[in-house]
Amino acid sequence: MNILVTLDANYLEPLCYLLRSLQKTHPNRELHVYVAHASLTAEHFQKIQDAVGAQSKVFNICVSEDMLKDAPVLKRITKSTYYRLFAAAYLPKDVDRVLYIDPDTLVLRDLSALYDLDFGDNLYAGCSHVGWFRNFLNTTRLKMTRKTPYVNAGILMINLSELRKEFSADEIFRYIEKNASKLLLADQDVLNALYFDRMLVLDEFLYNCDESSFKRLCDKFGEEQALDFVRTKTCIIHYNGKFKPWRTTPVYKGELNRFYPDGLDSKNA
């Protein structure tokens, strides 16, 4: 199973929790973890290897400045923003698919069904977190087809074998320069704008459950049934936004921190 993460040293601790949760939920599957970065050290990589376990492999992908020398850098678009967009360029050619996952996530159960999905002719697979109104605003802002879901880029299956046939750094650079003023969410906006018609939409409650997803579950089923759904069915919890369960300030707001860091509902133990 190929895993891609991008980060700097500030996210090393949550990344290690994520990797431990991956190793725990996939004890019989070798993980190939590709770590794209600009400044991690050998000591950082030793901690990453310890977290993922000796049976899995960690690959150091130090993204070359030369690769991004022509990349436009804006207030919301830094060089590191491009790492997720450029996966087809820097990952080994024999890697035909990869699961990109943000470090601020936790894996609760086996992801084989997600990883082995049939892409069809799609380049990406991901989940939407937004309701109809925010989806309308995002699709209008980015000139997407109105009924297309706006996908969160924190967890993505990437069809590298197909994406390599179409990937163009120049196309990405031109789009960013032309549309800089409306790119409120950086590379997530770029992914949606360029690839919305080649995006397979997945179940957010299973594969990218954040606090807004959980609130929708509560509205539909009530809090206890919603928590039971997460305990028994959710595969990935995403701690996006400014509230993080590993930080003491700001104080976490929501319910999903009860599963961090070991995947268990500590308030129900």
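These are my notebook entries on a predicted model.

**Ground rules**

I am working with a predicted model, where local features need pLDDT of at least 70, side-chain atom pairs count only at pLDDT 80 or more, and totals for chains, interfaces and linings use all residues. Residues are numbered from 1 along each chain as its sequence is written, and side-chain values use heavy atoms, with hydrogens and water left out.

**Entry 1: cysteines**

I started with disulfides, where a pair of cysteine sulfur atoms must lie within 2.5 Å. A disulfide is a covalent bond between the sulfur atoms of two cysteines. How many disulfides does the rule give? The count is zero.

Next I checked cover, with buried meaning under 20% relative accessible area, exposed over 50%, and partly exposed in between (1.4 Å probe, protein chains only). Cys16 is buried, because its relative accessibility is 6%.

Helices here are DSSP runs of H or I with at least four residues, strands are runs of E with at least two, and both are numbered from the N terminus. Is helix H9 (residues 186-195) mostly covered or mostly uncovered? I found it mostly covered, with ten of its ten residues buried. Among them are Asp187, Val190, Leu194 and Tyr195.

In one of the salt bridges, the side chains of Arg84 and Asp187 meet at 2.6 Å, N to O. This pair links distant parts of the chain, with Arg84 in helix H3 and Asp187 in helix H9, 103 residues apart. I noted that both residues are buried.

I followed Asp265 next. Its salt bridge with Arg231 has the closest N and O atoms 2.8 Å apart. Here too distant parts are linked: Asp265 sits in the segment after strand S9 (236-238) and Arg231 in helix H12 (residues 223-232), 34 residues apart. Asp265 counts as buried, because its relative accessibility is 8%. Arg231, at 23%, counts as partly exposed.

Asp265 also forms a salt bridge with Arg258, at 3.3 Å between the closest N and O atoms. Which residues make up the network of salt bridges? I wrote down Arg231, Glu255, Arg258 and Asp265.

**Entry 2: aromatic rings**

A pair of aromatic rings is described by the distance of the centres and the angle of the planes. Rings of Phe, Tyr and Trp (its six-membered ring) pair if their centres lie within 6.5 Å; planes under 30 degrees apart are stacked, over 60 edge-to-face, and the rest tilted. I found ten aromatic pairs in the structure. One of them is Phe86 with Phe167, edge-to-face at 5.2 Å centre to centre and 75° between the planes. Phe86 lies in the loop between helix H3 (82-85) and helix H4 (87-90), and Phe167 in the loop between helix H7 (160-166) and helix H8 (169-179), so the pair ties together parts 81 residues apart in sequence. Phe86 is buried, with a relative accessible area of 2%.

I also listed one aromatic cluster, formed by Tyr11, Tyr17, Tyr239, Trp246, Tyr252 and Tyr260.

Terms used: A salt bridge is a side-chain nitrogen of Lys or Arg within 4 Å of a carboxyl oxygen of Asp or Glu.
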